[in-house]
Amino acid sequence: MDTIHSSGDPLDKSFMQPSMEKFVEQQSQADNEEETQPTTLVSNGCVDYRGRIADKRTTGGWKASPFIIANEVAERLAFFAIAVNMVAFLVSEMRQSLPAAATHVTDWMGAAYVLTILGAFLADAYFGRFKTIIVFSCIYAVGMVLLTLSASIDSLRPPPCTAKPCTKATDGQNTFLFFALALIALGTGGIKPCVSSFGADQFDEADKKEVRKKFAFFNWFFFAINMGALLGITIMVYIKEKKGWGWGFGVPTGAMMVSIIILAAGIRHYRFQKPMGSAFTRFLQVMVASTRNHLRGVKLGAEVQLYEVNGEESDIRGARKLPHTRQFTFLDKAAVVTDPEANTGNRWKLCTVTQVEEFKSLIRILPIWASTIALSISFTQLATFFTSQANIMDRKLSSNFTIPAGSVTVFSAINALILVPIYEKLIVPIISKYTGHQRGITSLQRMGVGLFVSIFALASAALVEKKRRDSYSPSDMSVFWLFPQYFLIGTAEVFTYVGQLEFFYDEATDGTRSISSALFLSEIGIGSWLSTAIVKIIERTTGGEEKGWLRDNLNKSRLDYFYWILTAINGFNFFIYLWVAWRYKGRSRATRSVIDESLFKAIGDGGAEKREDNKGEIQSIAF
């Protein structure tokens with residue numbers, strides 16, 4: 001059976017008849033009584049590994065989360081062990097120039113994160129999140145093995161440089177290396193959008209206790225990312241320094257394989273969300289149907305009827321219904337019923353209200369997504385120019401120990417490891433007393449704090465680099481001068497990244513969880529590509545690799561100018577974000593009030609004109 005909603009404004013409560021008021025009150029009491037009845041089954045349709053509705057006593061929550069968090073630690077260890085070392089590997093082993101190596105690494109990182117959209121599509125449409133993670137983890141592991149071979153077999157790299165000019169890598173050697181990196185990027189893209197969403201799936205949103213635990217999970221998930229990063233840029237880099245490139249990439253390869261085993265070990269405790277079909281296809285159907293009806297002259301008004309299927313579930317498999325909102329009304333034309341007697345099964349001609357609202361929820365978050373990309377441009381510098389600075393500075397702690405250049409990123413990772421527990425356990429309870437918000441501040445406010453701090457992170461980087469370059473002996477300057485920029489960029493990431501995890505998951509619908517996570521992660525990739533573009537533009541406009549701002553020799557470069565440009569970009573972007581966030585209306589603000597919904601149900605159930613068609617009973621509601 002199908003239901004047709006009116007697109008007109010709902011009646012004011014004052015127009016309700018006493019009988020209707022009593023009906024609404026009885027319905028509310030019944031709903032409250034139903035909510036108080038204890039149940040051990042989840043309400044979001046998740047199933048256990050046997051395909052049964054998941055039981056809260058044996059699945060999900062913190063019974064399942066440790067496996068997911070441990071898997072993330074191992075995978076991030078592998079990724080960051082590559083990311084912080086790859087510029088040095090390309091320069092020292094493959095004979096590339098510093099600017100070329102930096103752009104290759106940012107291009108690779110960009111591809112890894114933009115490919116998250118592919119991983120999200122496959123997870124939502126076909127495989128489900130768990131299977132997608134397992135499959136792409138295996139692809140990831142194969143890429144790691146090939147990378148280890150590239151670093152271990154002499155014929156896959158140029159011979160040692162004994163005299164200038166050095167022999168550069170052949171096309172075959174570069175092809176083998178880049179193929180390995182491509183597999184790693186593909187594996188990362190398949191895994192990343194699914195892991196955080198799969199972790200969030202372990203918590204039932206209808207259970208208030210589990211909702212609180214879900215927010216804590218996002219913080220600890222970010223903690224896991226930084227723990228993996230910390231291990232990757234300390235222990236793994238140290239192994240590379242002492243044992244060589246083969247061991248430096250071989251041990252992370254083993255860690256990646258262990259991460260697959262860890263994830264598979266928790267299968268009995270997981271809650272699995274079934275694939276819901278392609279969200280991209282549903283988005284396209286809404287665009288086609290709304291455009292088609294617009295060209296046919298369909299208009300919206302008080303008496304126009306919008307289509308929705310009957311029952312509690314929508315016709316998107318496993319997804320709950322979504323209430324109608326007032327934003328992006330052009331798209332409502334996709335759900336306008338032009339002929340109540342016609343077959344309503346063709347979604348290219350007639351979409352449901354839920355399908356339209358699902359597309360609206362994606363469009364709604366795009367301005368927030370676009371206005372947070374600038375931070376990713378800055379964060380990319382951790383693995384490129386920040387590390388290159390550290391490589392030529394004084395890193396000696398004693399006569400017997402020198403900090404590896406790739407390990408200097410630990411300044412950022414340790415900051416996150418310290419700040420997340422402090423924020424979660426100390427700051428949130430204090431702020432909550434003043435704001436009344438269970439998370440202390442909203443996810444939008446948290447992102448804004450991170451974007452604000454990023455301005456000072458790049459300004460600090462510019463000032464320190466100018467001081468280093470202008471000093472009497474630039475290479476004798478202590479690497480600890482870089483601590484402020486690492487600390488601040490790490491702080492910016494803590495606030496913005498966790499805020500994004502919360503925001504993009506909460507604003508997503510049942511059918512777009514992975515897509516929303518991928519959208520958030522893709523901005524890291526786009527930021528990496530924009531960083532590459534900025535570097536290329538600066539090279540071409542300032543004299544190239546020989547005379548420009550960015551050269552092989554940083555002591556002759558003007559890297560501080562580059563950092564000032566990024567500072568200006570972050571400052572401008574921050575004000576854009578403030579404007580976008582101020583105007584933003586989330587799903588909760590865009591939907592109708594509880595009173596209006598109750599009235600909608602009362603009128604729909606009690607005062608609807610009913611008629612039959614070839615699919616059964618259809619309720620026609622005209623306010």
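This note walks through a predicted model point by point, from the whole chain down to single residues.

1. **Before you start.** The model is predicted, so to speak of local features a pLDDT of at least 70 is needed, and side-chain atom pairs count only at pLDDT 80 or more, while totals for chains, interfaces and linings use all residues. Residues are numbered from 1 along each chain as its sequence is written, and side-chain values use heavy atoms, with hydrogens and water left out.

2. **The chain as a whole.** The protein chain has 21 helices and 4 strands; helices (H or I, at least four residues) and strands (E, at least two) are DSSP runs, numbered from the N terminus. Of its 623 residues, 56% are buried. Here buried means under 20% relative accessible area, exposed means over 50%, and partly exposed lies in between, with a 1.4 Å probe and protein chains only. Contact means heavy atoms within 4.5 Å. Among contacts between residues at least 6 apart in sequence, 82% join residues at least 24 apart.

3. **The nonpolar core.** A nonpolar core is a set of buried Ala, Val, Leu, Ile, Met, Phe, Trp, Tyr and Cys residues joined through side-chain atoms within 4.5 Å. The largest one here holds 149 residues, and those with the most contacts inside it are Ile82, Met86, Trp108, Leu147, Ile368, Phe562 and Tyr563. Helix α2 gives the largest share of this core, 14 residues.

4. **How to read the helix pairs.** Two packed helices are described by the angle between their axes and the distance between the axes. Axes are lines fitted to C-alpha atoms, for helices over the stretch in contact, and angles run from 0 to 180 degrees between N-to-C directions. Angles under 35 degrees count as roughly parallel, over 145 as roughly antiparallel, 65 to 115 as roughly perpendicular and the rest as oblique. A crossing is left-handed if the near helix is turned anticlockwise from the far one by less than a right angle, and right-handed if clockwise. For residue classes, Ala, Val, Leu, Ile, Met, Phe, Trp, Tyr, Cys and Pro count as nonpolar, Asp, Glu, Lys and Arg as charged, and the others, Gly among them, as polar.

5. **α15 and α16.** The axes of helix α15 (residues 443-470) and helix α16 (residues 483-507) come within 7 Å and cross at roughly 160°. That makes α15 roughly antiparallel to α16. Their contact has 18 nonpolar, 9 polar and 2 charged residues, and the crossing is left-handed.

6. The crossing is left-handed, and the residues of the contact divide into 18 nonpolar, 6 polar and no charged. Met257 sits in helix α9 (residues 245-265) and is partly exposed, at 40% relative accessibility. Apart from residues up to four places away in sequence, Met257 touches Ala141 and Val145. Met257 and Ala141 are 116 residues apart in sequence and 6.3 Å apart in space, C-alpha to C-alpha.

7. **α4 and α6.** Helix α4 (residues 116-127) packs on helix α6 (residues 171-200) at an angle of about 60°, with their axes 7 Å apart. The two are therefore oblique to each other, and their crossing is right-handed. By class, the contact has 6 nonpolar, 5 polar and 1 charged residues. Residues of α4 in this contact include Gly119 and Ala120, and those of α6 include Gly189 and Gly190.

8. **Thr103.** This residue lies in helix α3 and counts as buried, at 4% relative accessibility. Leaving aside neighbours within four places in sequence, Thr103 is in contact with Thr532, Val535 and Lys536.

9. **Two backbone angles to look at.** Most residues other than glycine have a negative phi. Arg95 has a positive phi, near 65°; Arg95 lies in the loop between α2 (61-92) and α3 (98-114) and is buried, with a relative accessible area of 13%. Phe328 also has a positive phi, of about 50°. Phe328 is found in the loop between β2 (305-309) and α11 (353-370), and at 33% relative accessibility Phe328 counts as partly exposed.
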